[in-house]
Amino acid sequence: MLRFHSLRFSSSLFAPPLPLSPVSISITKPTRLTPRMASYSTSSSSSKLLFRQLFEKESSTYTYLLADASHPEKPALLIDPVDKTVDRDLSLIQQLGLKLVYAMNTHVHADHVTGTGLIKSKVPVVKSVISKASGATADLHVEQGDKVHFGDLFLEIRATPGHTAGCITYVTGDTPDQPQPRMAFAGDALLIRGCGRTDFQGGSSEQLYKSVHSQIFTLPKDTLLYPAHDYKGFTVSTVGEELQYNPRLTKDEETFKNIMANLSLSYSKMIDIAVPANMVCGIQSKTS
Ligand SMILES: N[C@@H](CCC(=O)N[C@@H](CSS)C(=O)NCC(=O)O)C(=O)O
């Protein structure tokens, strides 16, 4: 089986870029040295990164749009798109003059259907990305240490199982030419002042505790944390904040496991529809 250690955007795969809109020009900077980013903002002032945090209210899901705005083709990717908001997201991408290249999932979601399959049916050049450990269908399967490149930017893959066995966290690159501070898209592994449940889909509180402590809490404290959901109105946190204030993961492992065993959350309403669909990247998926 083919393994993608480093997934590079190739300009030959894509149609000519759409005309630039004034909006996409707003974040470009001439320097290629370490860029600045406004903290706690949903849009970046980085020299190259265009960033948007998008929300789907029925499942309280965040979708993230990232693009290399300095690259001539403006290659872009979506993390955790939702089927219900695909048209909104594609319209935004078109308005910003971006070229969507990847639709990526942090895991096989249980509470909503991913937009990946629908996106692929509307924009056939888009490649779906998910972890190999998820067992789900996708164009590209990634695992710990792989890098997904889009233009001159890249995301590093960190395996963070526990909410599901195949959960991964996408983290912006650690080299000086990548956005600073770093950004971690943790899916449901780590929520703001919370974490993903561990009571179905191969979940394990023991595994989740180890994942968060070894793969997320070891990132620089100013790393911006962007979760797949929020139910309380939060939009972004930092590793430092969660290290200090997360009511579950600041506890020792035994206490954490006890908390997770007694969450008493209601069964996910969509699980019987969402999981089978998401195993094939959404019911509209064209991949085999
Ligand atoms: N009400 C929602 C389910 C809410 C829920 O269980 N969310 C998940 C992430 S989506 S599977 C979760 O891990 N929550 C953790 C928590 O502490 O809330 C529904 O019916 O789908």
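Author: Isoleucine 216, once its neighbours within four places in sequence are left aside, is in contact with Thr160, Thr169, Ala184, Ala186, Ala189, Leu190 and Val239. In this predicted model, isoleucine 216 belongs to helix α4, which comprises residues 205–216. The residue counts as buried because 22 C-beta neighbours lie inside 10 Å, and 20 or more are needed for that class.

Thr169 is one of the contacts of isoleucine 216, and strand β10 spans 168–172. Ala184 and Ala186 are also among the contacts, and strand β11 covers 183–187.

Beyond its neighbours within four places in sequence, alanine 76 is in contact with Leu65, Leu66, Ala67, Ile93, Leu98, Lys99, Leu100, Val101 and Phe150.

In the loop between β10 and β11 lies proline 181, and the peptide bond from glutamine 180 to proline 181 is cis, with omega near -5°. Between β11 and α4 is the loop that holds arginine 193, whose phi is near 60°, a positive value in a residue other than glycine. Most residues other than glycine have a negative phi, and most peptide bonds are trans. Arginine 193 counts as partly exposed because it has 17 C-beta neighbours inside 10 Å.

Around the ligand are Ala110, Asp111, Asp188, Gly194, Gly196, Arg197, His229, Leu263, Leu265, Ser268, Lys269 and Met270. By class, this shell is made up of 4 nonpolar, 4 polar and 4 charged residues.

Helix α7 consists of residues 271–278, and its buried residues are Ala274, Ala277 and Asn278. These three cover an arc of only 90° around the axis, so they lie on the same side of α7. An α-helix has 3.6 residues a turn, so residues three or four places apart point the same way. Asp272 and Pro276, on the other side of α7, are exposed. Asparagine 278 and isoleucine 216 are 62 residues apart along the chain, and their C-alpha atoms are separated by 25 Å.

In the segment after α7 comes cysteine 281. Its phi is near 60°, again a positive value in a residue other than glycine. Cysteine 281 is buried, because 28 other C-beta atoms lie within 10 Å.

The end C-alpha atoms of residues 60–229 lie 6 Å apart, and the span is 17% helix and 31% strand. The protein chain as a whole has 7 helices and 13 strands. Of its 288 residues, 51% count as buried. Among the contacts between residues at least 6 apart in sequence, 63% join residues at least 24 apart.

Methods
Residues are numbered from 1 along each chain as its sequence is written. This is a predicted model: local features need pLDDT of at least 70, side-chain atom pairs count only at pLDDT 80 or more; totals for chains, interfaces and linings use all residues. A residue is near a molecule or strand if its C-beta atom, placed from the backbone, lies within 6 Å of it. Ala, Val, Leu, Ile, Met, Phe, Trp, Tyr, Cys and Pro count as nonpolar, Asp, Glu, Lys and Arg as charged, and the others, Gly among them, as polar. Two residues are in contact if their C-beta atoms, placed from the backbone, lie within 7 Å. A residue is buried if 20 or more other C-beta atoms lie within 10 Å of its own, exposed if 12 or fewer, and partly exposed in between; C-beta atoms are placed from the backbone. Helices (H or I, at least four residues) and strands (E, at least two) are DSSP runs, numbered from the N terminus. The arc is that of the directions from the helix axis to the C-beta atoms.
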